[in-house]
Amino acid sequence: MRVRHVRSHLLVTRYVLPKLQHKEQPNVIVCAKAPDTTPREGGRYESSVYAQVVTARVLDNMPLNRQAKAWTRDGYPTAVSVLLGMFHHAAFLLAPIYDRLVKELQAAEYVCADETPQPMLSPGKGKTHRGWMWMGLCDAVIAYRFDESRSAEAVRKLLGTRVKNLMVDGYSGYSNAAIDGGRAACWAHARRGIYELRED
């Protein structure tokens, strides 16, 4: 057995689009359209490039500036802002799928949820402040949502207000998500309280 590395690369296809004079209207010039294979109308990059940018950033933890360097090394210099535009446009295109996942989460019989502090840049201030990454989990779905606050409103945006059985920690903001349902604490938090009582 032999293993060989074949580096992935960008494949550029150039289209020559003919311009023709209208037979009946000599002053009208008609130009052929390029094949419609891009997520943006008149765009340069096909869907496979968008998928690569998102996958490398999210799954491989490769920042966009490093991706831009790799593209330059492969002979296709690209600004980081171009990759950022693709990343954001991909998020826009995937929004309906995300919305469906959140609806399935909110309708599930049992949901586990948690929040994790996440530092974020403060534009113009040159420093970071604390944001929050919220997570909801059920049998079929894991959904995430970032919010700058740890308010009950942030919980509502992800979980809604009608979760039937919600397992979370002791944070009171989760109470609004299970107005008509039940709320349970996880074993870890229950053990922590018993341990603290024993220490006292």
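Modeller: In this predicted model, helix H2 passes helix H3 in a right-handed crossing. Two packed helices are described by the angle between their axes and the distance between the axes. For H2, which covers residues 64-73, and H3, which covers residues 80-107, the angle is about 120° and the axes lie 9 Å apart. That angle makes H2 oblique to H3, since the range called roughly perpendicular runs from 65 to 115 degrees. On the H2 side, the residues in contact are Leu-64, Asn-65, Gln-67, Ala-68 and Trp-71, and they meet Val-80, Leu-83, Leu-84 and Met-86 of H3. Sorted by class, the residues of this contact comprise seven nonpolar and two polar ones, with no charged residue.

Helix H2 also packs against helix H1, which spans residues 47-58. Here the axes come within 10 Å and cross at roughly 130°. H1 and H2 are therefore oblique to each other, and their crossing is right-handed. From H1, the contact is made by Val-49, Gln-52, Val-53, Ala-56 and Arg-57, while H2 contributes Leu-64, Gln-67 and Trp-71. This contact of H1 with H2 holds five nonpolar residues, two polar ones and one charged residue.

In H1, the residues Val-49, Tyr-50, Val-53, Val-54, Arg-57 and Val-58 meet Leu-83, Met-86, Phe-87, His-89 and Ala-90 in H3. The contact of H1 with H3 has nine nonpolar residues, one polar and one charged.

The account now turns to the sheet. Helix H3 lies across strands S3, S4 and S5, and runs at about 110° to S5. These strands belong to an open sheet of five, ordered S5-S4-S3-S6-S7, with mixed pairing. Strand S5 (142-147) and strand S7 (182-185) stand at the edges with a single partner strand each, so one side of each has no neighbour in the sheet. From one strand to the next, the twist averages 30°.

Strands of a sheet pair through backbone hydrogen bonds, either parallel or antiparallel. Both senses can be followed from S3. Strand S3 (residues 110-122) and strand S4 (residues 127-137) run antiparallel and are joined by 11 bridges. With strand S6 (residues 165-168), S3 pairs in the parallel sense over three bridges. Val-111 stands opposite Leu-166 in S6.

The chain averages a pLDDT of 87, and 97% of the residues score at least 70. Confidence is highest in H3, at a mean of 95, and lowest in helix H5 (residues 187-199), at 75.

Notes. Residues numbered from 1 in each chain as written. Predicted model: local features only at pLDDT ≥ 70, side-chain atom pairs only at ≥ 80, totals over all residues. Heavy atoms only, no water. Axes fitted to C-alpha atoms, helices over the stretch in contact; angles between N-to-C directions. Helix = DSSP H or I, 4+ residues; strand = E, 2+ residues; numbered from the N terminus. Parallel < 35°, antiparallel > 145°, perpendicular 65-115°, else oblique. Left-handed = near helix turned anticlockwise from the far one by under 90°. Contact = heavy atoms within 4.5 Å. Nonpolar A, V, L, I, M, F, W, Y, C, P; charged D, E, K, R; others polar. Pairing = 2+ DSSP bridges. pLDDT = per-residue confidence, 0-100.
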